[in-house]
Amino acid sequence: MKTEKFNVTGMTCAACSAHVEKAVRGVEGVDSVSVNLLMNNMLASYQEPATADAICRAVEKAGYGAALASAGGGEGRSGAAGPGGGSGGSGQDAFADHETPKLRRRLIASLCLLLPLMYVSMGHLMWGWPVPEALAGNPWAIALYQLLLTGFVMVINQKFFVSGFTGLIHRAPNMDTLVALGSAAAFVYSAAVMFRMGGAYGAGNMEMAVHCLHDMYFESAAMILTLITVGKMLEAYSKGKTTNAVKSLMDLAPKTAHVIRGGVEMTIDADEVVTGDTFVVKPGESIPVDGEVIDGESAVDEAALTGESLPVDKGVGDRVSAATLNQNGALTCRATRVGGDTTLRQIIDMVENAVATKAPIAQIADRVSGVFVPVVITLALITGAVWLLAGAGAGRALSYAISVLVISCPCSLGLATPVAIMVGNGRGAGQGILFKNATALEQAGRTNFVVLDKTGTVTEGKPRVTDICPAEGFSKEELLQAAASLEQKSEHPLARAVCERAGEEGLGLDETAEFQALPGWGVEGRLPAASGRDGKSDTPALGGKAALLKERGLMTEAFLQRGEELAGEGKTPLYFAKGGVLLGAIAVADVVKPDSAQAVTELKNMGIHVIMLTGDNRRTAEAVRAQVGIDAVVADVLPGDKEAVIRRLSEHGKVAMVGDGINDAPALTRADVGIAIGAGADVALDAADIVLVKSKLTDVPAAIRLSRQVLKNIHENLFWAFFYNCIGIPVAAGVLVPFTGLSLNPMFAAAAMSLSSFCVVTNALRLNLFSVRSTAKDRRAHTVPVPDLTDGFTGIENQETNKGKRKENESMVKVLDVEGMMCAKCQAHVQKALEGVAGVTAVEVSLENKTASVTMDHEIDDGTLSGAVTEAGYEVKGCRTA
């Protein structure tokens, strides 16, 4: 299955896009197609026997032009182009406003002819304004004058007739068909009246000739075309504004880069930078491509990509992204991603592709657009016939029919959804919130449940020191200094957290002698008896879990109880002793992000239930829940069971799953909306529907808030589009005449039509003023009760799952509860120990759950398995058959 983008030319309204879509769907092998009227392109997924050429031929047969976007075609194979035709090519040209300048020139030329035409047809004939002697008192000359000027206006705006009648010939009438029919009908009728005037003039019947002059509609034909061109220009200008957010990003990307090749610094086009090149970014310059800093330090303004107002400090080893601004220091970087692979290009592609997809809410407008124009033409014919049967003159009946044709506006229906999605996507991209498709943008606003993964989402994902509890007679500084000195040679994440805290406090560390790691227990070594005195490493020291100090007879009841209290708060207590004396305890934990509580509060205020999903034990999970105010917690969940929790929640409402986009891929895919947080430069995470560039949890309510506002805007646009047509067409048909005497002149009908699409696009542009962070307009959506998720997602369901697997594989599985595992190395030690037991065929060790699942080809005694783990330095708390 291939998915490719095609540029489509000649589309002017929703009816056009509906006809193109219908034509492509008729090609054998095409699985799906989505036509984007706003960007003049389409996405088609197809397989054999369908080909790109076959799809282009189908579009051409429907009366439009098409070409593969990758081929850079803008005119299509047939070269057909309409008023709405444009390029959907890649790069900045795809977002450039090509239509407004052309329409402006057409409008100026039309006005130069329309004004003198209106002066004579309205000013002279109705109000007696003076005219040259050649026209005064000469009805035939005035009629000829109007015919010529109107003809020139029609030639200038010939695209309406080319596109309109081409669509009619292909049995795919569009908005241009309505305009062309209305204008042509007025012109042909006026020309026929002119012939009648010629007969009266030749017979010397001046009274009839003057009467015929007042029965002409030349000025209406010209005015209709000019006013529609006004509307088209305003619409094109407004549509160009919808991509401002993306265009501003593209403008930030520098055109040149300073690279070092062969030891020489040279300036080249940014497009010529290749992966592996070394490039230099001077203060005040924008970074040309994605890279990694290899020398220098600076602050980089990443607001263009992430919306973060504060600059980010960058040093050796840090990643930098294209289009971000280097502020105060020179950086030397190695290019890692160039061209279409940069974060900037991925963001732009994501925004463009999101607009190319169809939101479910747009389907009703698509269905109406497909039959809109034929229905309007039929209504116009009926209107004219009814007025003729009612005794109205041919001119009056034609006037009503023309009004029906020109007031109808399928464009507003077709633009209602895509313009709002484009502006919303651009607004989100500027804030580091990326929607991959229109469906995600719509579904996010309907979310009932937000499920948060704990590690890295609610918490920071790395341990930090939270409490320093020295024993009596020691200060916090003494405890921390001794602990960090002892732990500095350890590679354990908890040890690094202790050393980082000592560095933050500016404490000097002593040299540790005879250092030894005790897997699953802690560390030991020798430290100076008195720091800074004689420097002699002659005092034994140790640190680690309570069991280690208990075994050495150094643990006190008071500190054991204090450790239990810390553990109850979801923290890991580490105890340290030196010279046979307990120094105290240091608690380390994966701390909650500063904005987690605020994000949860905002979500709850929006009427959304917040649920945390974690493989950690319930005590740790409950501690985090208490800190941030989460509604419900599902703990002790194996990675494979996360998807099952999402599936159960989906039975009760719309679910958004928030995770890191990699480890949570199955759950993100199962959810109605998958949200990957903290993606950084990896914005193209496959499993997620929404990608949050930053690691801020407050971006989740911001994304939902933006989605709700876009949905509201789409509803407003659709209401206006339907309301305008439902009210305007009957008024134009003259249904109010018998009751109020109110009728609509074709010129006023054209003016109304020209403004309808402009109103829709302008309304969508209001989204640029929307603040995604403001909670002022938050409202509680319809809430659904939180289902009971505690039953079936703890050890019970895992056991049942494992039983099913055992039955299926005809093998035996035992689960061991292992204490002492604290990092990936511990996990590897336990796995290696169990794999060495005869009869074991597979071992799966979970660091989060502190368990080891052992698959055996025959019964193995519990003591044998426990003994292998104990010999590796860990403690087995229990062993059960799965």
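Student: Which residues does Trp-521 touch, not counting residues up to four places away in sequence?

Tutor: Happy to start there, with the reminder that this is a predicted model. Contact here means heavy atoms within 4.5 Å. By that test, Trp-521 touches Gly-543, Gly-544, Lys-545, Ala-547, Leu-548 and Gly-873.

Student: How many residues along the chain separate Trp-521 from Gly-873?

Tutor: They are 352 residues apart along the chain, yet their C-alpha atoms are separated by 7.4 Å. To find Trp-521 in the structure, look in the loop between β17 (513-518) and β18 (522-528).

Student: Why does Trp-521 count as partly exposed?

Tutor: Buried means under 20% relative accessible area and exposed means over 50%, with partly exposed in between. Trp-521 counts as partly exposed because its relative accessibility is 24%.

Student: And Leu-149, is that buried or exposed?

Tutor: Leu-149 is at 12% relative accessibility, so it counts as buried. This leucine is found in helix α4, residues 139-156. Leaving out residues up to four places away in sequence, Leu-149 touches Leu-113, Pro-116 and Leu-117. Its C-alpha atom is separated by 9.9 Å from that of Leu-115, 34 residues apart along the chain.

Student: What follows α22?

Tutor: Gly-629 does, and its phi is positive, near 80 degrees.

Conventions:
Residues are numbered from 1 along each chain as its sequence is written. This is a predicted model: local features need pLDDT of at least 70, side-chain atom pairs count only at pLDDT 80 or more; totals for chains, interfaces and linings use all residues. Side-chain values use heavy atoms; hydrogens and water are left out. Helices (H or I, at least four residues) and strands (E, at least two) are DSSP runs, numbered from the N terminus. Buried means under 20% relative accessible area, exposed over 50%, partly exposed in between (1.4 Å probe, protein chains only).
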